[in-house]
Amino acid sequence: MSPMSDPTPAPRPDATSARPHDRELDVVVLGATGFTGRLTAEYLARHAPADLRWGLAGRNAEKLAAVRTQLAEIDGVDPSVADLTLVAADVEDPDSLRALAERTRLVVTTVGPFLAHGRPLVAACAAAGTDYLDITGEPEFVDQVWLDHHAEAEATGARIVHACGFDSIPHDLGVRFAVGELPDDVPITARGVVRASAIFSSGTMHSALEQFARARPMSKVHAARRKAEGRPEGRRVRGVAGKPHRDRTLGYWLVPLPTIDPMIVVRSAAADASYGPAFTYSHYAGTKTLRYAAGGAAATGLLATAAQVGPVRRALLSRFPVGQGPDEKRRARSWFTVDVVAEGGGRTVHARVRGGDPGYTETAKMLAESALSLTYDDNPEVAGMLTPAQAMGEHLTARLQAAGMTFEVL
Ligand SMILES: NC(=O)c1ccc[n+]([C@@H]2O[C@H](COP(=O)([O-])OP(=O)(O)OC[C@H]3O[C@@H](n4cnc5c(N)ncnc54)[C@H](OP(=O)(O)O)[C@@H]3O)[C@@H](O)[C@H]2O)c1
């Protein structure tokens, strides 16, 4: 893609071009031996249509076979799950990733931290015209993938969709949902406010600590992408950091939240003129009292500072053994809400997305439903790196509503 090009998505090459349609499998889940990947495989085992041709991939054949056996033993799951295809794939072995990408129409991965482990798989999928979904929350990874593989994916027809978990589907689809209530020819200012009660898995702690340690390279890669990607023609779309304050509409204290979510929301807005001629987005955590807001900001700051010191970061990481996370009881008590307040043309829309355990139960649901949407729904025929809203907007929203997540205008 040429410098300063318009970020409007490219049409997907049709069946006569590079993108092959005949593959042995529709979907393969890589990372199913880990905490989130296993929940994703379990969701597919319970909810995938009987004609979905899917399988599990990983580097340890024994562990993978054990996961498959356990899936087949779940009450109500079709026992034929015991015959799911298993694919040997190690992210350190590019040949195994190429073979995986050429065998299936879509790869779903939960192997993170993604900056450390994710790039070879995206490379294999972009080259093979294979769709790719992940649950990264790492902006540097997403920007680097855009620089390295977006143009190739556009050419082969691969849809590369990052952040298909709690990062960033509720925010991305929630903002799209709220903006859809406003006229599309007026400037729109939106804010997203997250509230949640939940705890994190080891994999998430590893990704968060690695990310805090890389603030400088992250902003360098982001600047390189912005320069190459350009801006939408005739429209202004931007993310604004915002300041801590009390929100009168919501009644919460808001603290700016520097997650990947605003980057995804702004990219969706840049690609879709229905977000209006001028679109501004700010992203916050919301708490009921000032004391909680201050405590949350201080704890995040402390963790970010500790992550800068190599030995301290490694000591922290060693406290979170791989593959562990909150148990079913704890997950059942967890919840999240994402409030979106969008203002434009003299109107204010307050929309809310809500669901259960954000990090794992709902993340597995969002990732698996994204896989089903890309496989079965009549989504826009566009290719390259896409946001969830761009790739699957209305279909994924409908699927998540049917699966128990709420999208409502208050
Ligand atoms: N965005 C969100 O909302 C969200 C939510 C949850 C999690 N996450 C992210 O998802 C990632 C996974 O979290 P988790 O808790 O599920 O982690 P986890 O339990 O540690 O699982 C990691 C998985 O990666 C696999 N793996 C590691 N190295 C590999 C290699 N060389 N080749 C192939 N597979 C390899 C592991 O396989 P083995 O069993 O063989 O070791 C395991 O299946 C983290 O980055 C986390 O931040 C994001």
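**A walk from pocket to sheet**

The second largest pocket takes up about 940 Å³. Of its 32 lining residues, H222, R226, G239, M263 and V266 sit closest to the centre. A pocket here is an open set of points on a 1 Å grid over the protein atoms alone, where a 1.4 Å probe fits and protein lies on both sides within 12 Å along at least five of seven lines; lining residues have an atom within 4 Å of a point. The volume is the space filled by probe spheres set on the points, with points joined across faces, edges and corners.

Before going on: this is a predicted model, so local features need pLDDT of at least 70 and side-chain atom pairs pLDDT 80 or more, while totals for chains, interfaces and linings use all residues. Residues are numbered from 1 along each chain as its sequence is written, and side-chain values use heavy atoms, with hydrogens and water left out.

Helices (H or I, at least four residues) and strands (E, at least two) are DSSP runs, numbered from the N terminus. By type, the lining splits into 16 nonpolar, seven polar and nine charged residues. In that tally Ala, Val, Leu, Ile, Met, Phe, Trp, Tyr, Cys and Pro are nonpolar, Asp, Glu, Lys and Arg are charged, and the others, Gly among them, are polar.

Now for the sheet. Eight strands make an open, mixed sheet in the order β1-β15-β7-β6-β5-β2-β3-β4, where strands pair if DSSP finds at least two bridges between them. The edges are β1 (10-11) and β4 (85-88), each pairing on one side only. Strands β7 (159-161) and β15 (382-386) pair in the parallel sense over three bridges, with V161 opposite L386. Helix α5 (119-128) packs on the sheet, touching β2 (25-30), β5 (104-109), β6 (131-134) and β7, at about 155° to β6. Contact means heavy atoms within 4.5 Å; axes are lines fitted to C-alpha atoms, for helices over the stretch in contact, and angles run from 0 to 180 degrees between N-to-C directions.

Finally, the backbone. Most residues other than glycine have a negative phi, and most peptide bonds are trans. The bond from G112 to P113 is cis, with omega near -5°, and so is the one from D167 to S168, with omega near 0°. In the loop between β7 and α7 (169-179), which holds S168, A163 has a positive phi near 60°.
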